[in-house]
Amino acid sequence: MIGVELSKMFRRPRTWTTIAVLNALPVLVAVLLRLTDLAPRPGEGPPFLSAVLTNGALFPLAALAIVLPLFLPIAVAVVSGDAVAGEAQAGTLRYLLARPAGRTRLLVAKLVAVLAFVVVTVVVVAAVGFVTGTLLFDAQPVGGTSVSGTSLTQEELAGRTLLAIGYVAVSMLGVAAFGLFFSTLTDSPLAAALGALAVLVTSSLLFTLDAASPVAPYLPTRYWLAFVDLFRDPVLWRDVVRGLALQGVYVGVLLTAAWANFTTKDVTS
Amino acid sequence: MSSVIVTRGLVKQFGRVRAVDGIDLDVGAGDVYGFLGANGSGKTTTVRMLLGLVLPTRGEVELLGQRMPRAGRRVLPRVGALVEGPAHHRHLSGAANLALLDAAGPGGRRRDRRRRIAEVLDQVGLGGVGRRPVGAYSLGMRQRLGLAGALMRRPELLVLDEPTNGLDPQGIAEVRELLLDLHRGGTTVFLSSHLLAEVEQLCSRVGVLDRGRMVLQDEMTRLTAPTGATVVETPEPGRVRAVLDGRVLAASGERVVVRGADPAEVNALLVGAGVPVTGLALQRPTLEEVVLAAAGTSADRVERA
């Protein structure tokens, strides 16, 4: 069943179009930086971008930081919102369930497929970022510089990059859980994706609002950029751990709700 | 004869609307069962409850002797279904669609999957369709592909909702032959349709649904049994009335309906009196007459309720 859903996800032209579009933005930013040599000052603009001109090996991280706030969540919201509602709209859901695929199994398989999409997307963005970075800028293969200014060995940098990719994937899993939950509520994939996006926009907005500070620690987008802390020396684990715990709670609650709703739902699409 | 589909007091309430209102279905093994009803009479909701897609408000469903939806995982692999038109992934080929659906549930062996796909595609007349994506199929081809999907695992029971929708007359005849062929091979067919002619030609047993209630369920032979009257065709209907005074039930044009279940006796009387007889037949009600009569009475019942 999981194989079936993975196959559907990655044999679909839309999946690869989305990934291609996601990569276009960081590449555009890299080209502009290369042409103008105008890097944002340290501490301004997307994280890591200021350091890219001196070390292209940091560009994968800059690329992730560029797509993370907006592009990646939109893609994940669309894909996860489509998971069940898309099948319902196309009419294939009734044939899957009459096959019978089993509602719980189907939901798990859909979640795994969305997760695979997130991981593949993040890895492709990082890989394209690495290629772009090393082609356009001077790359320093011997390690890099931490955000704190100390130097990191190449192994440290690679390891921390992997950790960062994992952390971003978990953050996106939270988005996917919202999308999947809404996807079981409606037969319209568009409505489900918009629902997930509405949550993210609300969360980002409240985060900037002082009046909302009491709820700020519980907003789903609160710790998204905490992966930057992985490149401090020593690693600042506090926000990373909180981010993981927060996403864990969201994912647990939302998936339970999605399961409870989907397994007792009349499929009339 | 064992029962393949049994429902007892099946009720489905959507909000304030009672879509299905106490249905007792009984489909035996080897039946070709015609499930008739106007659009909106609750046919599709009933079919969805049989397959565990919609959960009943009250009542029970037994499929192949086991309770649904609990036994779905054991029972549904032995059932082929076509519900409210075919649905496929448009960017994939027909064979890829069949393979994905087959792999999505139990009872579809991977080893012989390719062979089974080729077989069912041949069976529904899509053997040469190749790798074209389903998006480029005509409506009739999609309908055939949907039917192929239902046949993938040689099901004991076929639940088909409007299977000839979108097919041309030749296609309809082909599907009818295919279904009769499968039936001869031992498959029970549950055919939901609003096409009376289709059901009349195929089905051995009929259930009629009207506004969520079952108004009729009987063998086709009994429903269309002779009424005890004889239809006489003659160019001189006036003289029939004179010869068989008091036995004429109805007359229109050259067609006269006469009481008497023995056409030979009627014929002898008429010919003896010198009345020319051009046609003679036992009167049988058509399925349409039966259905309209049944659905008509139920409308009153619903109003009183």
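How many C-beta neighbours does B:Arg154 have inside 10 Å, and does that count as buried, partly exposed or exposed? B:Arg154 has 14 such neighbours and so counts as partly exposed (buried takes 20 or more other C-beta atoms within 10 Å of a residue's own, exposed takes 12 or fewer, and partly exposed lies in between, with C-beta atoms placed from the backbone). The structure is a predicted model, in which local features need pLDDT of at least 70 and side-chain atom pairs count only at pLDDT 80 or more, while totals for chains, interfaces and linings use all residues. Residues are numbered from 1 along each chain as its sequence is written, and chains are lettered from A and ligands numbered from 1 in the order in which they are written.

Chain B is divided into domain 1 (3–223) and domain 2 (229–282), with bounds that come from an automatic or database domain assignment. The centres of these two domains of chain B, taken over C-alpha atoms, are separated by 45 Å. Of the 305 residues in chain B, 42% are buried. Among the contacts in chain B with a separation of 6 or more, 68% join residues 24 or more positions apart; two residues are in contact if their C-beta atoms, placed from the backbone, lie within 7 Å.

B:Arg154 sits in the loop between helix H5 (139–151) and strand E8 (157–161) of chain B, and has a positive phi of about 45° although it is not a glycine. B:Glu84 also has a positive phi, near 45°, and is likewise a residue other than glycine. The loop that holds B:Glu84 runs between strand E7 (79–82) and H3 of chain B. With 17 other C-beta atoms within 10 Å, B:Glu84 is partly exposed.

In chain B, the bond from B:Met68 to B:Pro69 is cis, with omega near 0°, and B:Pro69 lies in the loop between strand E6 (66–68) and H2 of chain B. In chain A, the bond from A:Arg99 to A:Pro100 is cis, again with omega near 0°. A:Pro100 belongs to the loop between helix H6 (92–98) and helix H7 (103–136) of chain A. What does B:Gly52 touch, not counting residues up to four places away in sequence? Its partners are A:Pro100, B:Met68, B:Pro69 and B:Gly72. B:Gly52 is found in the loop between helix H1 (43–50) and strand E5 (58–63) of chain B, and counts as buried because 23 C-beta neighbours lie inside 10 Å.

The contact between the chains takes 23 residues from chain B and 23 residues from chain A. On the side of chain B that touches chain A, helix H2 (72–75) and helix H3 (94–103) each supply at least two residues, and H3(B) gives the most, with 3 residues. By class, this side of chain B has 13 nonpolar, 8 polar and 2 charged residues. Here Ala, Val, Leu, Ile, Met, Phe, Trp, Tyr, Cys and Pro count as nonpolar, Asp, Glu, Lys and Arg as charged, and the others, Gly among them, as polar.

Within chain A, helix H5 (residues 71–90) packs against helix H9 (residues 189–207) at an angle of about 150°, with axes 7 Å apart. Axes are lines fitted to C-alpha atoms, for helices over the stretch in contact, and angles run from 0 to 180 degrees between N-to-C directions. H5(A) and H9(A) are therefore roughly antiparallel to each other (over 145 degrees; under 35 counts as roughly parallel, 65 to 115 as roughly perpendicular and the rest as oblique). The contact of H5(A) with H9(A) has 11 nonpolar, 4 polar and 1 charged residues.

H5(A) also meets helix H8 (residues 154–185) of chain A, where the axes come within 7 Å and cross at roughly 35°. This crossing of H5(A) and H8(A) is right-handed. The residues involved include A:Leu72 and A:Val76 of H5(A) and A:Met172 and A:Phe182 of H8(A). By class, this contact has 12 nonpolar, 5 polar and no charged residues.

Key:
Helix = DSSP H or I, 4+ residues; strand = E, 2+ residues; numbered from the N terminus. Left-handed = near helix turned anticlockwise from the far one by under 90°.
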